[in-house]
Amino acid sequence: MQRLVKMAVVALGCWSLGAFDPGHWFDKPKSSRIANYRIEAALDWPGKALEGRETISWRNTGTAPTAEFPLHLYLNAFKGPQTIFAKEALGDPEFRGFDARDPRNYGYCRLRSVAMDGRALDGHFGEDETVYWVRLGRPVAPGETIRLEVAWESRFPRALARTGWSGDGTGNFLMGAQWFPKAGVYEGDRWTCSAYHARTEFYADFGTYDVELSLPNALLLAHVGAQTNFRTQDDVTPDPKRKLNVIWKLHAEDVHDFAWAVMPSRSWSFKSFEYRGVQVFCYYQPENKTNLERQMFAARVALRHGAEWFFPYPYPVLTVVDVPKEARGANGMEYPTLVTASSKRFDPLSVRFDPEMTTVHEIGHQWFYGMVASNEVEEAWLDEGFTTWFTQRAMERGYQSIHSSRRFQVGTDAVEHLEYWLEPSMDPVTRPSFLTRSFMSYAVASYAKPAMVLAQLEAMIGRPQMEQVMQTYAREFAFRHPTGRDFRRVAERVTGRDLTSFWRDWLDGTEVLDIAIAKVDVREVLEGGWMDSPKGAVFAAPQPAAPGRRGVITLERRGGIRVPVTLWVRLEDRSERRLTWDGQDRWATFEFESPVTAAVLDPDGNYPMLKDRLHASYSAKPLRRGFHYWAQMVVGAITGLLQGAGIG
């Protein structure tokens with residue numbers, strides 16, 4: 001078995017034996033490399049626990065001295081029901097069915113020691129035990145570099161919220177995420193190091209990571225970065241302290257996090273391929289092997305369009321991990337050079353959620369969060385919203401739709417439109433995600449609405465300018481920490497427009513654009529009644545006047561956003577009309593010289609954020625489906641299911 005494992009890991013490492021040096025990626029640093037880590041850790045596989053030591057080399061790039069140094073201890077979020085994370089997670093869909101009485105569902109990160117300059121340091125916890133504030137003993141001046149020596153131990157919970165283990169008994173899969181003490185971000189004269197909330201992700205400085213993980217030799221590791229050992233069979237490094245362990249030596253440059261996943265080597269496998277100079281590793285579950293080509297194609301779609309729209313993916317490696325279905329809490333997550341994107345064993349309709357959409361979305365995060373590293377805690381829309389916008393466009397280019405058949409098609413933006421319709425105005429996009437009202441409101445404010453706002457901006461300024469805005473923003477702030485203000489400035493500079501009203505309506509507020517065709521009538525035009533004549537008043541029976549019947553449409557503004565909107569109508573006399581309503585009042589009525597047979601609000605698609613398209617159109621003759629149509633739909637669905645099951 002040990003020989004087979006050696007052969008597997010050597011095969012994993014041999015891809016880069018050419019000119020590429022896995023221990024040195026870039027001739028010139030791409031980031032400021034503020035926080036750098038050297039980590040040595042050993043995994044207790046049966047106990048799903050880990051002991052580690054790390055050296056954090058940190059440079060003060062702020063404007064003031066600091067005498068404190070905060071460390072994220074993320075796994076303490078799973079320490080018990082009293083944590084901020086646990087309290088906020090109540091009611092969220094992911095945590096339903098959580099057994100609070102089972103100790104295996106919990107985890108922790110416990111500091112053993114912190115030292116600097118040979119002196120032991122103490123400190124205190126912050127809002128809860130997910131942040132520990134180290135007292136440095138002296139102020140660290142701007143420009144000064146310090147080195148902290150940290151020892152800790154971690155225990156992983158059952159797979160939940162991005163990290164942990166899954167499987168029967170002692171488990172057969174482990175996602176090692178948020179597993180080590182991690183420095184906060186010092187900006188100006190203040191630290192940003194928030195407690196771990198249930199609806200937030202992460203924020204950290206760029207640096208280099210040199211990691212040595214001691215693992216039982218029967219485990220196969222997927223990881224951030226590249227291996228620096230396992231180049232040959234003689235280069236497999238045994239752990240002198242642990243007889244059955246081998247040490248994986250890993251390296252990554254200009255990243256701001258490090259994660260990994262392990263399974264017994266007999267339980268999963270991987271396939272690698274090169275695309276545009278990037279070595280892509282796809283780890284897959286055996287039962288999902290038939291979908292492996294789908295996942296690999298999705299990775300190509302994401303890398304291609306990310307390079308064309310923003311800038312080329314610069315790292316030499318990218319790893320895509322198909323986690324087991326029992327570990328779905330770790331699915332759909334992004335880390336620098338590593339993403340999790342599960343597949344399905346049985347998918348007869350080939351709906352492109354898993355693996356396609358998840359893979360494209362998570363790889364899209366390599367740009368927005370990975371390299372354009374905004375603060376996900378306070379401005380989640382800058383990573384999730386931008387990546388959702390990218391996902392919609394890349395899926396449209398690569399696949400045209402999420403699902404399509406001869407008679408049915410689901411657009412790539414369908415999910416976001418549905419979420420937005422369900423809860424469009426509870427929280428503004430700019431509200432920190434941990435302050436949103438609910439999980440659904442968080443999803444709308446962080447994912448759905450921002451993507452629609454970007455589509456709205458594109459509709460207003462045009463696709464060429466929108467592509468220039470996005471590319472300029474991505475390239476200017478690559479390997480930096482941009483804010484929402486930075487994006488607004490770039491958009492206004494590139495377009496040459498004052499977009500104050502746009503930001504007010506779509507980003508900062510909670511009002512919606514909701515204009516509907518409230519009523520369509522036919523008004524009979526009659527002439528007659530009492531008339532004057534030489535003989536006095538005479539009565540003429542009313543009768544239709546030329547041109548006879550007239551059409552009447554009443555529009556209603558149900559939302560708070562006021563914008564001019566175009567109304568297109570087709571009349572009974574087969575003529576067409578276009579008019580513009582300013583949308584300032586709550587309603588308006590328009591009359592036409594012939595009855596209306598069809599009408600559409602915003603026919604040119606100038607307002608992707610128009611909330612209710614169903615009531616923004618009208619037809620005098622609703623579409624009717626006969627028996628033959630529905631019979632064909634039913635037979636087609638049954639045939640598809642049978643073929644998916646291998647029958648027929």
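User: How do the residues that line the second largest pocket divide into nonpolar, polar and charged?

Analyst: In this predicted model, local features need pLDDT of at least 70, side-chain atom pairs pLDDT 80 or more, and totals for chains, interfaces and linings use all residues. Numbering starts from 1 along each chain as its sequence is written, and side-chain values use heavy atoms, leaving out hydrogens and water. Ala, Val, Leu, Ile, Met, Phe, Trp, Tyr, Cys and Pro count as nonpolar, Asp, Glu, Lys and Arg as charged, and the others, Gly among them, as polar. The lining divides into eight nonpolar, seven polar and six charged.

User: Which element gives the largest share of that lining?

Analyst: A pocket is an open set of points on a 1 Å grid over the protein atoms alone, where a 1.4 Å probe fits, with protein on both sides within 12 Å along at least five of seven lines; lining residues have an atom within 4 Å of a point. Helices are DSSP runs (H or I, at least four residues), numbered from the N terminus. Helices H5 (384–399), H6 (414–422) and H7 (439–461) each give two or more residues. The largest share, five residues, comes from H7.

User: What is the geometry of the pair formed by phenylalanine 156 and tryptophan 260?

Analyst: Rings of Phe, Tyr and Trp (its six-membered ring) pair with centres within 6.5 Å; planes under 30 degrees apart are stacked, over 60 edge-to-face, the rest tilted. Here the centres are 6.1 Å apart and the planes stand at 80 degrees, so the pair is edge-to-face.
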